[in-house]
Amino acid sequence: SIAQNGKCIKNTLFTPDNKYCYECNNKDIGMPGCKGSCSFSLKRNDIIKCEGECENGYIESSEGVCEPCDNINKGCYECHYENEYPKDYIGIKTKRRFVCDLCEDDYIKNDGKCYHCSDNQKNCENCVINSNNEFTCTKCGSGYYLDQNEICQKCNLKDQFILGTNKCVQCNDFDNGGIKGCKYCEKNEDEIIWI
């Protein structure tokens with residue numbers, strides 16, 4: 001919209017040039033995540049300051065600055081601050097503590113933060129937190145299988161394939177799922193190609 005006498009009519013709009021007005025949460029010119037009013041000034045580092053709250057999925061990282069939860073903790077899409085720390089908390093304590101409420105599907109939440117399974121174990125795609133509050137891998141990435149210690153391993157030889165989630169089998173190992181006389185096989189997604 002066009003500014004009137006260098007000002008915007010609604011407080012959810014701002015003008016950087018005193019000619020045109022933009023929504024405070026405009027993704028190109030404004031501050032995405034700003035809910036409500038904002039102020040604009042070239043005389044400060046943060047030229048746009050959110051005067052209202054941050055939208056869901058954003059958090060005020062510094063005064064008047066809305067930032068996606070994912071920027072603070074990768075994989076987090078809803079978050080908030082808390083003033084209290086758990087009694088058994090170990091580490092540096094700040095005035096307020098970032099807490100993630102919801103993590104993306106391929107992340108797992110533990111102690112208010114999101115972790116990708118591969119952060120805790122290389123090549124792990126899905127995991128759970130066991131009763132000892134430890135990460136346990138339940139599914140490895142493509143080309144890897146879970147061994148008896150729940151560690152993602154890769155088949156070492158070219159004439160082997162992964163059967164299910166926890167077995168590396170030679171292509172001609174008939175007793176364990178292979179085909180008699182098969183010299184080469186590969187797994188493509190969920191389908192095994194026999195040659």
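Met-31 touches Cys-24, Asn-25, Asn-26, Ile-48, Lys-49, Cys-50, Gly-64, Val-65 and Cys-66, leaving aside residues up to four places away in sequence; contact here means heavy atoms within 4.5 Å. Before going on, the ground rules. This is a predicted model, where local features need pLDDT of at least 70 and side-chain atom pairs count only at pLDDT 80 or more, while totals for chains, interfaces and linings use all residues. Residues are numbered from 1 along each chain as its sequence is written, and side-chain values use heavy atoms, with hydrogens and water left out.

Back to Met-31. Which core is Met-31 part of? Met-31 belongs to the largest nonpolar core, which has 10 residues, the others being Phe-14, Cys-24, Cys-34, Cys-38, Ile-48, Cys-50, Cys-54, Val-65 and Cys-66. Strands β5 (48-50) and β8 (65-68) each supply at least two residues of this core. A second, separate core has 9 residues, including Ile-59, Cys-76, Cys-79 and Cys-114. By nonpolar core I mean a set of buried Ala, Val, Leu, Ile, Met, Phe, Trp, Tyr and Cys residues joined through side-chain atoms within 4.5 Å. Buried means under 20% relative accessible area, exposed over 50%, and partly exposed in between, with a 1.4 Å probe and protein chains only. Helices (H or I, at least four residues) and strands (E, at least two) are DSSP runs, numbered from the N terminus.

Next, charged pairs. How many salt bridges are there? The count is 3, taking a salt bridge as a side-chain nitrogen of Lys or Arg within 4 Å of a carboxyl oxygen of Asp or Glu.

Take Arg-97 and Glu-82: their closest N and O atoms are 3.0 Å apart. Arg-97 counts as buried because its relative accessibility is 15%, whereas Glu-82, at 29%, is partly exposed.

Lys-139 pairs with Glu-125, with 3.2 Å between the closest N and O atoms. Here strand β14 (residues 135-140) holds Lys-139 and strand β13 (residues 124-129) holds Glu-125, so the parts joined are 14 residues apart in sequence. Lys-139 is partly exposed at 37%, and Glu-125 is partly exposed at 32%.

The remaining salt bridge joins the side chains of Lys-74 and Asp-70, at 3.7 Å from N to O. Lys-74 is exposed at 53% relative accessibility; Asp-70 is partly exposed at 25%.

Now the backbone. Most residues other than glycine have a negative phi. Asn-5 has a positive phi, near 55°. Asn-5 sits in the segment before β1 (13-14) and is exposed, with a relative accessible area of 81%.

Glu-150 also is not a glycine and has a positive phi, about 60°. Where is Glu-150 found? Glu-150 is in the loop between β15 (144-146) and β16 (152-154), and its relative accessible area of 40% makes it partly exposed.

Which side chain has a polar atom 3.1 Å from the backbone oxygen of Glu-150? That side chain belongs to Gln-121. A polar contact is a pair of N or O atoms within 3.5 Å; within protein, one must be able to donate a hydrogen and the other to accept it, and residues adjacent in sequence count only if both atoms are side-chain atoms. Gln-121 lies in the loop between α2 (117-120) and β13 and is buried, at 15% relative accessibility. Leaving aside residues up to four places away in sequence, Gln-121 touches Cys-137, Glu-150, Ile-151 and Cys-152.
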